[in-house]
Amino acid sequence: MNAEQLNDVFREIILGTGVKRSKHELIYEGQDVTSSFIDMLPHHNFHPTMVGQAPVKPGERIPAFYISQQTAYFGWVFWEKFSQLRLRKLFGTVVRNAKGDWLYQLPSNSTTIIYADLAHILEMDIDRPFEL
């Protein structure tokens with residue numbers, strides 16, 4: 001696979017076309033291609049930010065990637081509702097753990113870099129975040 005073909009694969013992962021955006025190992029033929037994946041993200045409007053900086057309101061979500069140990073995890077920045085008075089902003093992966101919770105969660109005060117499409121704000125049902 002040449003660089004152009006690898007970029008095509010990355011494009012499909014980033015845009016969710018032809019492949020489900022979830023957990024993607026960034027190793028190809030034994031080589032770490034994480035930096036190449038990160039380089040492709042801005043070409044598709046995914047820019048580095050932190051959860052707390054994402055301009056999302058309750059009832060909205062923003063697509064994002066969290067990258068850890070040569071793996072890209074797709075998820076959303078959104079507000080989780082506990083009650084009418086208690087909400088929290090977080091990034092949660094679409095990949096779940098054994099209990100059904102987000103495999104990775106980053107709170108709004110996290111300094112961890114995520115790559116988010118801040119221009120692509122979608123509506124969501126704040127009472128049903130598991131249906132993301």
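A nonpolar core is a set of buried Ala, Val, Leu, Ile, Met, Phe, Trp, Tyr and Cys residues joined through side-chain atoms within 4.5 Å. In this structure, which is a predicted model, the largest such core has 20 residues. Those with the most contacts inside the core are Phe-10, Ile-14, Leu-26, Phe-37, Leu-41, Phe-65 and Ile-67. Helices H1 and H2 and strands E5 and E6 are the elements that give two or more residues to this core. Another core lies apart from it and has 12 residues, among them Ile-62, Val-77, Phe-91 and Ile-114.

Setting aside neighbours within four places in sequence, its contacts include Phe-10, Phe-37 and Ile-67. Leu-26 also touches Gln-31, Asp-32, Val-33 and Thr-34, as well as Gln-70, Thr-71 and Ala-72.

Helix H1 may be considered next. It has 13 residues and reaches 18 Å from its first C-alpha to its last, close to the 18 Å expected at 1.5 Å a residue. Leu-6, Phe-10, Ile-13 and Ile-14 are buried in H1. These residues cover an arc of only 95° around the axis, and therefore lie on the same side of H1. The buried residues of H1 pack against strand E1 (23-25), H2 and E5. At the start of the helix, a side-chain oxygen of Asn-2 comes within 3.0 Å of the backbone nitrogen of Glu-4. After H1 comes Gly-16, with a positive phi near 75°.

H1 also carries a pair of charged residues. Side chains of opposite charge can pair when their charged atoms come close. Asp-8 and Arg-11 form a salt bridge through their side chains, at 2.5 Å from N to O. Both residues lie in H1 (residues 3-15), 3 residues apart, about one turn of the helix. An α-helix has 3.6 residues a turn, so residues three or four places apart point the same way. Asp-8 is partly exposed, with a relative accessible area of 31%, and Arg-11 is partly exposed at 33%.

The count of salt bridges comes to 2.

His-44 is found in the loop between helix H2 (34-40) and strand E4 (47-49). Although His-44 belongs to a loop, its relative accessible area is 16%, so it counts as buried. Apart from neighbours within four places in sequence, His-44 is in contact with Arg-11, Ile-14, Leu-15 and Asp-117.

Another loop, between strand E5 (60-68) and strand E6 (71-81), holds Gln-69. Gln-70 also has its place between E5 and E6. Most residues other than glycine have a negative phi. Gln-69, however, has a positive phi of about 45° although it is not a glycine, and Gln-70 has a positive phi of about 65°. Gln-69 is exposed, with a relative accessible area of 73%, whereas Gln-70 is partly exposed, at 36%. Gln-70 is also one of the residues in contact with Leu-26, itself among the core residues with the most contacts.

Methods
Residues are numbered from 1 along each chain as its sequence is written. This is a predicted model: local features need pLDDT of at least 70, side-chain atom pairs count only at pLDDT 80 or more; totals for chains, interfaces and linings use all residues. Side-chain values use heavy atoms; hydrogens and water are left out. Helices (H or I, at least four residues) and strands (E, at least two) are DSSP runs, numbered from the N terminus. Buried means under 20% relative accessible area, exposed over 50%, partly exposed in between (1.4 Å probe, protein chains only). Contact means heavy atoms within 4.5 Å. A salt bridge is a side-chain nitrogen of Lys or Arg within 4 Å of a carboxyl oxygen of Asp or Glu. The expected span of a helix is 1.5 Å times one less than its number of residues. The arc is that of the directions from the helix axis to the C-beta atoms. A polar contact is a pair of N or O atoms within 3.5 Å; within protein, one must be able to donate a hydrogen and the other to accept it, and residues adjacent in sequence count only if both atoms are side-chain atoms.
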